[in-house]
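I opened this model to look up its charge pairs, its ring contacts and one of its helices. My entries are below, in the order I made them.

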Amino acid sequence: MAHSRTGEVRMQHLWKAPSDRAGPEPGTSRNGGSNTSTRRADTPCTGGAPTTAQEAVTAGETFLHTHLRTTLDALRQTDEVFADEVADRAAALVRRGGKRLRTAFVWCGWQAAGGRGDPADVLRIGAALELLQACALVHDDIMDDSPIRRGAPAVHVDFARMHHEELAHGSPDAFATGAAILAGDLALAWADDLFTETALGSPYGWCLHREWQAMRTEMAAGQYRDIRAQALGSSDVTEAVTVATLKSAFYTAVRPLGLGAALAGADEPTLRALRSAGRSAGLAFQLSDDLLGTFGDPAATGKPVDDDLRARKLTYLLAVAARLAEASGDVQAALVLAPGAEPRSDAGIARMRSAMERTGARAAVSAEVAELTAASVGHFAATGAPARIVREFEALVRRAAGGAANTAPRNTAPREAR
């Protein structure tokens, strides 16, 4: 953010920030070609290849459920108790859905790079990403002590309930935390297994591996930067952007697009354009999620809307509100938003929301979401993808960031507050 001579506060245009470090170079896998021997009986797309992103999501959902059934059946041969109590909970979280954005982004990246190769691999990579997300959600809910996920008790909360009802000794919280960590680890193992099998069967397996490898490291780094910023009581805008980029933008859009493109043997200019498109799309998604986490409807989001405020998490929305309060001399808003200002009671949370409205932060972030969305589509079009695919991508990004439209205030802040 920067200050003009008139005191106007303008946002740093997030879509103009540099894209992530260089991703994988196009090329062949180390094994020198396709290894079709890794194909299994549950290979998707036997009923015909999808022709749209929505068809890819639908086909991917069918494959994911079939794959989970096969995986759980095999796991029960190892240990029924672990399968019933841990694996079933991890699988239930995956089955409860979500937006399934990542499969659609993989499909768009694949199409932007020419759509060459086996479309079944698009669905496999999409399913692996959904399993990876399940790991991230389970662990995130433990760290944030969030009680609800996708409209049901979070996995660690459900384990605590099980301890109360079925077990007799020890701390319910310690048991629930340990068991939920294992459930998240299992989802990660499932994701890695499915991804590895797919990469081994692709002539571009080494490129796929490098995208996947980078994504897992970025997720861990983003999660740590998130809890570190909270421990510091940070209000820094740059730190908030770093957290949002590492924790969400990369694995929501940048890497799924890159994985799809790698499946088709994309060249470096295409990959660069897709990374820029994904960064803007991923940030638009996260900023929209920040707005939903503060102003959304729990019945629609499937999670509480007070958690981020009660914990005073460093979201981009909070950082912008704190900066605008300082710039405008709104001492009351600055105090309410400061770390350790007061216990985060219901009344205190209401004052934080009011401060975000009064400073113009809510309107400014909503406007930023719209601009990021437009920038993302522009970067994607630079790949030279057919107009039909560009339109599908635009619809996807607007759906990903669509929640912000439902939280936007009716009376937007004046331009000088943006």
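The entries start with the basis of the model and then go through the contacts.

**Basis.** I am working from a predicted model, in which local features need pLDDT of at least 70, side-chain atom pairs count only at pLDDT 80 or more, and totals for chains, interfaces and linings use all residues. Residues are numbered from 1 along each chain as its sequence is written, and side-chain values use heavy atoms, with hydrogens and water left out.

**Salt bridges.** I took a salt bridge as a side-chain nitrogen of Lys or Arg within 4 Å of a carboxyl oxygen of Asp or Glu. The structure has 24 of these salt bridges.

I looked at D141 and R149, whose side chains form a salt bridge at 2.7 Å, N to O. For burial I used relative accessible area: buried is under 20%, exposed is over 50%, and partly exposed is in between (1.4 Å probe, protein chains only). D141 is buried at 2%, and R149 is buried at 13%.

Next I noted E218 and R255, a salt bridge with its closest N and O atoms 2.6 Å apart. This pair links distant parts of the chain, with E218 in helix α7 (residues 205-232) and R255 in helix α8 (residues 237-263), 37 residues apart. Helices here are DSSP runs (H or I, at least four residues), numbered from the N terminus. E218 and R255 are both buried.

D330 is in the loop between α12 and α13 (331-337) and R358 is in helix α14 (residues 346-358), so the pair ties together parts 28 residues apart in sequence. D330 counts as buried at 17% relative accessibility, whereas R358 is partly exposed at 44%. I also found one network, in which salt bridges that share partners join D140, D141, D144, R149, D226, K247 and K313.

**Helix α12.** Buried residues in α12 include Y316, L317, L318 and A319. G329 follows α12 and has a positive phi, near 75°.

**Rings.** I counted rings of Phe, Tyr and Trp (its six-membered ring) as paired if their centres lie within 6.5 Å; planes under 30 degrees apart are stacked, over 60 edge-to-face and the rest tilted. The rule gives four aromatic pairs. F105 and F393 form an edge-to-face pair, 6.0 Å centre to centre with 65° between the planes. F105 is in helix α3 (residues 101-112) and F393 in helix α16 (residues 387-400), 288 residues apart. F380 and F393 have ring centres 4.1 Å apart and planes at 5°, so this pair is stacked. F380 is in helix α15 (residues 361-381), and its pair with F393 ties together parts 13 residues apart in sequence. F380 is buried at 0% relative accessible area. F105, F380 and F393 form one aromatic cluster.

**Charges over rings.** My rule was NZ of Lys or CZ of Arg within 6 Å of the ring centre and within 35 degrees of the ring normal. The charged end of R255 sits over the ring of F250, 5.7 Å from its centre. R362 lies over the face of F295, 3.9 Å from the ring centre.

Terms used. Helices (H or I, at least four residues) and strands (E, at least two) are DSSP runs, numbered from the N terminus.
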